[in-house]
Every structure is written in C-alpha cells, then in structure tokens.
Amino acid sequence: MRIADFLSPQAVVADMQARTKPEVLRELSATLVRAHPNLREDRLVAVLQEREKLGSTGIGEGVAIPHGKLAGMDSLQAAFCVSRGGVDFESIDGKPTHLFFALVAPENSAGVHLKALARISRLFKNPRFRAAILEAPSAADIHALIVQEDARP
C-alpha cells in the first residue's frame, strides 16, 4: 500500500485557514469532499469528532492524524493540510500542530486502516521530511514530496 493510492493531489491544501480544532476537522472534511464529491461533509466531520472525543490524534512534533471509519465508503481516502501558523490540537507534546493528515476508511476495514495509520505515522517521524513539507510552496509540491518520501524503501 502506498499513500498515493488514497491521497489524491486534489486533497492537499498548502495553507489551511482553520485556527481551532473544530475548524481543522471541518476544513479537512471539506477538502475530502472537494476531492471526492460522493462523500458528505457533515458525516465526515462527525466521524472525525467522534474519534477526537477518545483522545487527541495529535501525535506530537507538529503532526496530527485525525481518522475514522465511515459506512458506505468503498475505499480508503485521505486529505492533507498544512497550517503555517499552527493550531492548538491538544497534541500529546503540547506543541502547536502544523501538519494534518485525515484518514477515512470504510466501516469494515480494520487491517487497511491500521496499516495506513502506521505508514503515515512512520513517514512523519522524519524531521527533515516534516521541514520540507512546511517549506513547500504549493499543494502540488507537498503532494509530490509525500509520494516521493513514501516511495523510499
């Protein structure tokens, strides 16, 4: 599985406008809907909010991976947004979050969902990669960096 299989270039935002956690979840959901018009924004927001109630998906080092499962989906879908100013996402390290990778999976896809979460988490552990993403000027550049980094052995 490669991230390019579920993150389309249309689902990447280089400068998100959200300033609060609820706004982040709405903007990620809206980004997913723009790339996949068959999805419903209100349902996506609800799924992401439900997961956040269990504990923040802010994994630290400026990264959050909001995620959930949604009935009626036929494949894994993702959105990636960069907050230049950072958002208080109640991250485990207490630092502002800049990189948001939302992942929504079909309801009965535990294996695929977990593999994708692990892959994203591993990718964003690299500080040079995170810095390169923050310095990338456009959504196309960001998508290309993610695909390139994910293709490394």
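**Note on helix packing and the main pocket**

1. Helix α4 (residues 127-135) and helix α5 (residues 139-151) have axes that come within 9 Å and cross at roughly 160 degrees. Axes here are lines fitted to C-alpha atoms over the stretch in contact, with angles running from 0 to 180 degrees between N-to-C directions. α4 and α5 are therefore roughly antiparallel (over 145 degrees). Their crossing is right-handed.

2. On the α4 side the contact (heavy atoms within 4.5 Å) involves Phe 129, Ala 132 and Ile 133, and α5 supplies Ile 142, Leu 145, Ile 146 and Glu 149. Six of these residues are nonpolar, none is polar and one is charged.

3. This is a predicted model, in which local features need pLDDT of at least 70, side-chain atom pairs count only at pLDDT 80 or more, and totals for chains, interfaces and linings use all residues. Residues are numbered from 1 along each chain as its sequence is written, and side-chain values use heavy atoms, without hydrogens or water.

4. Helix α1 (residues 21-35) packs on helix α2 (residues 41-54) at about 135 degrees, the axes being 9 Å apart. α1 and α2 are therefore oblique to each other, and their crossing is right-handed.

5. From α1, the contact takes in Lys 21, Leu 25, Arg 26, Ser 29, Ala 30, Leu 32 and Val 33; from α2, Glu 41, Leu 44, Val 45, Leu 48, Gln 49 and Glu 52. By class this gives seven nonpolar, two polar and four charged residues.

6. The largest pocket has a volume of about 160 Å³. Its lining (residues with an atom within 4 Å of a pocket grid point) includes His 36, Arg 40, Arg 43, Met 73 and Asp 74. Four lining residues are nonpolar, five polar and three charged.

Key. 1 Å grid on protein atoms, 1.4 Å probe; cavity = no way out; pocket = protein on both sides within 12 Å on 5 of 7 lines; lining within 4 Å. Points joined across faces, edges and corners; volume = space filled by probe spheres on them. Nonpolar A, V, L, I, M, F, W, Y, C, P; charged D, E, K, R; others polar. Helix = DSSP H or I, 4+ residues; strand = E, 2+ residues; numbered from the N terminus. Parallel < 35°, antiparallel > 145°, perpendicular 65-115°, else oblique. Left-handed = near helix turned anticlockwise from the far one by under 90°.
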